[in-house]
Amino acid sequence: MKKIYYLACMLAILLLANACKDDDMLPGNPVVNPQTEVTGAHFGDSLQFTVDAADAEVPLSTLKAQLFYDEEMVSETVLRTKTNAEYSGKIYIPYYANVPNGTATLKFVLQNIHFTITEKEYDLPLTRPDFPYLTFMSADNQEYRMERVDLYHYKLTGDFPQKMKGYIKSPKVGEQGNEIPFGWKDGGIVQGITDPITFSNSNAGTYDITFNTFSYEASPFIKLLIDGKEMEMADEDNYQLTLPLVTGQQLELSGFPDYDNWWIDPDFFTRDAEGKLTFLPLSGDYRITANFKYKYFIVEAMSGENTATLQTDGSGAIWVIGDGVGKPTLGNVVSWTTEKGLCMAPVEKGKYQLTLVAGSSVNATDLNFKFFHQKGWGGEFTNTTLSTTSDIIFVGDGENGRDPGNLGIQEGKSFETGGIYVFTMDVTGGIDKAVLTVEQKGQTELPSKEITLNGTKMEMLDAGNYRVEMNLTQGNTIRVEGIDNLGDWWIDPNYFTLAADKKSLTFLPVNGNYRINAHVEAGYLDVQRLDDANQEATLAADGQGALWIMGWGVGSPSLDNQYGWEAATAYCVPEIAPAKYRMIMKAGPEKGSKAGQTIRFDYLSCKFFHQRGWGGEVKTANLVEGADAFIKMNPDGNIELADGVTLEENATYILTIDCTGGIDTPAVSFAKQ
C-alpha cells in the first residue's frame, strides 16, 4: 500500500514539473495596440504616445518605440512593462540639417520575458517647423531677436563688435515642440548644443547675422585668403592653411581685419608697403596659422600632415619649449605647454633661427627653455649634445641651476632691454654636436604704460609686465589707474574681488607686504607675499607667512600655464586668516582651458612648500572629513585626485590648508563650492 502511495506522489511531482517545464517553453503572444492616432509631427518634436500592452500567457518585458529615417533608427524610447496595462511615453524626433519634409517610420516593439516579439509600424509624416523667429543668445547673455526673412532664413541686424559670439535657439512650435539650440562644434554649426558660434565681420559696426535652419548656412564669417587659398577655421581664434612655400616667394593676403596692426614674425617674413609678405626660410611645406587673439601668424614646418621633426642629417625642424620666451610677446609665453612650442626658422640646411626682443618676447633677466627635436616631448638637446659660444647664456647640466639642456642667464648678466637677439642653432656638425650662438642685431624702443595702484606707480619690467611692492590691508580697496580694460582681465578670486565700477579691487588676504605683478598683454595680476626685508616670504613655525604650491594639474591664469615643478612658476597661496590658506579653483581641461580654469578635472599631482622652491615641504596632512571624496595624499606628500574621481568641469572647488595646529601635519579640506 505504501508503495502505491509513494508511486502516486512521485507521479504527481513529475506531472507538476512537466507542467512547469511546459509553461517555461510557452512563447507567449504579446499584443500591442497603440491608442494614439499618428497623423504627423515636426522635426524636433517630442511625440507623445499611448499603447495597450498585454500577453495572456507570459509576463511582459519591454515596450520600445523606435523611429526610423529610411532604414536608420534615429531615436528610441524603452519602457519596462511588468504587467498588462496601458503605457505612455515620448519619443524625440531628431532635427538635422538638410533633411527635407518626408515620411519616417514609427515602430512599436513589445517583448515578453521569453523574448517573443510583436511589432507594429506606422508611417509618420514629418515636416520642418516654420519658426516665426529665432533668438540669438550672445556670450554676455544678451538676447537678440532674429527675424524671419523667408522660409528657413533668419536675419539679425545690429551694431556689433568685429567678433560676435553666441548661440541661436528656436522657439517651441506646437504642443509637442521643443526649443532647439544651435551651437558650434568641430568647425561647423550643429543642433542640440550651446557652444558659442563666433560670427566675424571685416570690421566692427552695423552688419547682419544670418542663419538658415535647413542648411545651417550662416554669416558673416570672414574669408581669409593667402594667395587665393582660403584658410580653415581651427577654433574661434585661429585659422590655418598648409601650403608649399619657396624662399623669396611673395604672398598676397586678404580678409584680415586690422591687418596693418598685425605683428609679422621677422624669422619668416618681411612685409612691404602693400601688405605683401615675402617668405624668408628654406623652401618646403609650412602651416600658417592666423591667430586673432594676438594678431600674428604662426609658421610651422610640416612633413605631410604632421609638424616636422629634426632628422639625423640636420634637416627638418627644431622646436623651443619652456619659460621666459613667447611670440609675439611674453603675454603669450610658451611655458611647458608643448602645443605652443615655437618652430625655429630653417635658414640653411642644418641652421635654425629664432629672433627675440629682450623685455618683449624673451625675458631680459631670467629664462628657462630648451630645444627639442619635435613639437612635444621626446628627442631633446641636453648639455651633452649642445654647447654655446654666448657670454650671456649658459646650458644647464643639472647641477648649475638648470636641468640638462635648459638655458639660463649667467649670474650678473642680462639682455639689454629692447635689444634684438638672434638665437641660431647650428647642427651641421651633427645633431649630437649642436652649437648655439646668440647675437644682438639691433635695438628697439619698448612701449610703456603708466600704471598706478593707490597712486603708487608700477615699475615696468618689460613691454608687457609691471611690478609694485607695497603694504596691503585685508579688505582695503585698491584703486587701479592706467588699465582701461580691467573688467576684461582675469581677477584671481584668491586675492581680489572686482568692484562694480571695474576700476578698483578689494584685497582679500591678511595684512602684509606684497608684490603685485601686472601682465598687461595676458590680462591678469599675480601676487606674492614678501617678508619685512622685501624677500619672498616663507612659512614660519607658527603657520603664518607664505605657503607655495608647485606641480601639475594646477595653474593660472589658466591650465595652459601649469605651475609644474619650477620654482619660478610656483604659486603663492594666500593666507586668508592667520595660519589658514585657501585656493578657489574652477575645474577645466588640460588643453584649451579658459582663464579662471585653474585645476584639471581629470588629473592632479601637486605639493605645498614652505618657500618658493625646493626645501621645506608639506609631506603629511590630515584630510578633513569629506576631502577624501575628492583627493588623496601620497606618502611623498603629493596631492592627487582620489582613485576613480574626476571633478565636474567648470565647477568651483575650494582647497583650504589649516596650519593653526602646526605646520608638520596641517589640516587639508577640499570641497565643491
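User: Where is the place of Pro220?

Analyst: This is a predicted model. In it, Pro220 sits in the loop between β17 (218-219) and β18 (225-226).

User: What is the peptide bond from Ser219 to Pro220, cis or trans?

Analyst: The angle to read is omega. For the bond from Ser219 to Pro220, omega is near 5 degrees, and the bond is cis. The peptide bond from Ser556 to Pro557 is also cis, with omega near 5 degrees. Pro557 belongs to the loop between β49 and β50 (562-564).

User: Staying with backbone angles, what is the phi of Asn98?

Analyst: Asn98 is not a glycine, yet its phi is positive, about 60 degrees. Asn98 lies in the loop between β6 (85-92) and β7 (102-112), and it is partly exposed at 47% relative accessibility. Asn141 is another non-glycine residue with a positive phi, near 65 degrees. Its place is the loop between β9 (133-138) and β10 (143-150).

User: Is Asn141 buried or exposed?

Analyst: Asn141 counts as exposed because its relative accessibility is 65%, and the cut-off for exposed is over 50%.

User: How many disulfides does the structure hold?

Analyst: A disulfide is a covalent bond between the sulfur atoms of two cysteines. This structure holds zero disulfides. Cys572, for one, is in no disulfide: the nearest cysteine sulfur, that of Cys659, is 13 Å away. The cut-off for a disulfide is a sulfur pair within 2.5 Å.

User: Are Cys572 and Cys343 buried or exposed?

Analyst: The test for buried is a relative accessible area under 20%. Cys572 is buried, with a value of 2%. Cys343 counts as buried at 5% relative accessibility.

User: Which side chains make a polar contact with the side chain of Asp267?

Analyst: The side chain of Lys327 makes one, at 3.1 Å. The side chain of Thr355 makes a polar contact with that of Asp267 at 2.6 Å.

User: Which residues does Asp267 touch, not counting those up to four places away in sequence?

Analyst: With those sequence neighbours left out, Asp267 touches Leu280, Pro281, Lys327, Ala345, Gln353, Leu354 and Thr355.

User: How many cavities of 30 Å³ or more does the structure hold?

Analyst: A cavity can be read by its volume, then by its lining. The structure holds three cavities of 30 Å³ or more.

User: Which residues lie nearest the centre of the largest cavity?

Analyst: Asn494, Tyr563, Ile584, Met585 and Thr598 lie nearest its centre, out of 13 lining residues. β49 (547-555) and β53 (580-588) each supply at least two residues of that lining. The most comes from β53, with three residues. By class, the lining has eight nonpolar, four polar and one charged residues.

User: Which residues line the second largest cavity, and what classes does its lining have?

Analyst: The second largest cavity is lined by His42, Phe43, Gly44, Asp45, Pro129, Phe131, Val173, Gly177, Asn178 and Ile180. By class, its lining has five nonpolar, four polar and one charged residues.

Technical notes
Residues numbered from 1 in each chain as written. Predicted model: local features only at pLDDT ≥ 70, side-chain atom pairs only at ≥ 80, totals over all residues. Heavy atoms only, no water. 1 Å grid on protein atoms, 1.4 Å probe; cavity = no way out; pocket = protein on both sides within 12 Å on 5 of 7 lines; lining within 4 Å. Points joined across faces, edges and corners; volume = space filled by probe spheres on them. Helix = DSSP H or I, 4+ residues; strand = E, 2+ residues; numbered from the N terminus. Nonpolar A, V, L, I, M, F, W, Y, C, P; charged D, E, K, R; others polar. Polar contact = N/O pair within 3.5 Å; in protein donor to acceptor, adjacent residues only side chain to side chain. Contact = heavy atoms within 4.5 Å. Buried < 20%, exposed > 50% of the residue type's maximum accessible area, 1.4 Å probe, protein only.
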